[in-house]
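Colleague: I would like to learn how to read salt bridges in a protein model, and I would be glad if you could take me through some cases slowly.

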Amino acid sequence: MAVLVTGGAGYIGSQTCVHLLEAGKEIVVVDNFSNSSPKSAKAVREITGKDFPLIECDIRDTEKLDEVFTQYDIEAVIHFAGLKAVGESVSKPLEYYDNNIGGTLKLIEVMKKHGVKCIVFSSSATVYGERHLAPFNEEMEAGGTTNPYGTTKLFIEQILKDIAAADSEWSVSLLRYFNPIGAHISGKIGEAPNGIPNNLMPYISQVAVGKREKLSVFGNDYDTPDGTGVRDYIHVADLADGHVVALDRALSVKGCEIFNLGTGKGVSVLQLVHAFIEATGVDVPYVITARRPGDIATSYADCSKAEKVLGWKAKRDIFDACRDTWRWQKNNPNGFDD
Ligand code: NAD
Ligand code: UFG
């Protein structure tokens with residue numbers, strides 16, 4: 001029996017593949033490589049010494065997906081595939097609704113046809129919207145998303161909840177990630193954004209490696225200890241561990257469950273910048289600029305449910321994440337193109 005990993009060539013997917021293989025799972029990866037390279041799978045094989053099928057497939061291509069489910073004995077799906085750039089989603093909403101929601105519907109259709117009723121889904125802290133104060137917990141009502149990307153996560157969560165409510169044989173695990181950072185400790189896989197990074201950590205590491213001149217810190221007038229935005233930065237390896245335990249739980253418990261995956265600690269932009277400088281010894285010049293539209297002041301998780309139910313807790317800190325990011329960045333300044 002194998003686990004199908006959609007979007008498994010991407011940043012979080014490839015790291016999770018390593019942890020799944022190390023936990024002794026069989027995996028099959030599908031990806032359309034719209035935001036990744038098949039080279040990440042090669043690195044996953046190098047790291048783990050294990051082989052697995054990597055199939056170029058868009059999850060909206062039901063015929064091809066059907067072939068994958070026919071060829072392999074799939075027992076569950078971890079569903080990472082999707083578009084994730086917040087700003088781009090505002091200018092290209094249809095692409096986001098089609099790829100993320102349309103793709104998920106097609107995937108579920110094929111899963112159902114093959115009697116596979118277990119799915120772990122990559123959701124996001126963005127579904128908490130702007131209406132609650134951190135720490136966010138799973139009991140808080142989701143909604144009030146501020147961009148089409150966030151809305152796709154909200155809608156997909158609802159679709160999966162409805163499916164689990166309609167058919168008691170389904171297991172659905174909705175994992176709400178906070179801010180994933182870091183890279184595999186080997187420095188062989190990590191985040192490789194196309195063009196100018198939208199997210200803080202890849203921007204910091206590209207400044208550190210000399211690809212960008214300086215970081216713009218988006219606002220220092222928030223109601224936070226140093227005025228800069230506060231987020232819950234979780235090491236991607238901890239996130240990957242979270243998927244392995246969430247998968248095991250979903251394989252044994254029916255119904256829909258939601259888990260925050262974060263550290264429970266808020267870290268400001270400037271704290272992360274200084275942690276990077278301290279951990280790596282490399283300078284990161286920055287300037288303070290205007291706030292970025294749509295940003296909230298503070299976001300961090302209440303992770304007590306994941307700890308209680310899954311027995312999972314983040315083990316790595318931001319200094320580990322900075323060191324690992326830097327190892328990946330300096331060995332691969334151009335990502336998988338190197
Ligand atoms: P990523 O872009 O590195 O990985 C997504 C992968 O999905 C890529 O390899 C891409 O090529 C693939 N893909 C996209 N559309 C596809 C399609 N239609 N068919 C097949 N493959 C497709 O992103 P990531 O950071 O690894 O994120 C993985 C998931 O986690 C995404 O669903 C993302 O929305 C979610 N998430 C990410 C973050 C974050 O900050 N990185 C936070 C919360 C949630
Ligand atoms: N920031 C800067 N300069 C930059 C980039 C970011 O100051 O160049 C600041 C932001 O203003 C924010 C913090 O750094 O205060 C973190 O910003 P990111 O863009 O790294 O992360 P966000 O919290 O805005 O969003 C991320 C993902 C979303 C996801 C959300 C919650 O991009 O997809 O986390 O999981 F929904």
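Predicted model: local features only at pLDDT ≥ 70, side-chain atom pairs only at ≥ 80, totals over all residues.

Colleague: What is the general idea, and how many salt bridges does a search of the whole structure find?

Modeller: Side chains of opposite charge can pair when their charged atoms come close. In this structure, a search of the whole model finds 21 salt bridges.

Colleague: Which residue forms a salt bridge with Lys188, and where do the two partners lie?

Modeller: The partner of Lys188 is Glu46, and their closest N and O atoms are 3.3 Å apart. Lys188 sits in the loop between strand 7 and helix 7, whereas Glu46 belongs to helix 2, so the pair ties together parts that are 142 residues apart in sequence. Lys188 is partly exposed, with a relative accessible area of 37%, and Glu46 is also partly exposed, at 47%.

Colleague: Which residues are linked with Lys315 in a network of salt bridges?

Modeller: The network links Lys315 with Asp238, Asp241 and Arg316. Within it, Lys315 pairs with Asp241, the closest N and O atoms being 3.9 Å apart. Lys315 lies in the loop between helix 10 and helix 11 and Asp241 in helix 8, so this pair ties together parts that are 74 residues apart in sequence.

Key. Residues numbered from 1 in each chain as written. Chains lettered and ligands numbered in written order. Heavy atoms only, no water. Salt bridge = Lys/Arg side-chain N within 4 Å of Asp/Glu carboxyl O. Helix = DSSP H or I, 4+ residues; strand = E, 2+ residues; numbered from the N terminus. Buried < 20%, exposed > 50% of the residue type's maximum accessible area, 1.4 Å probe, protein only.
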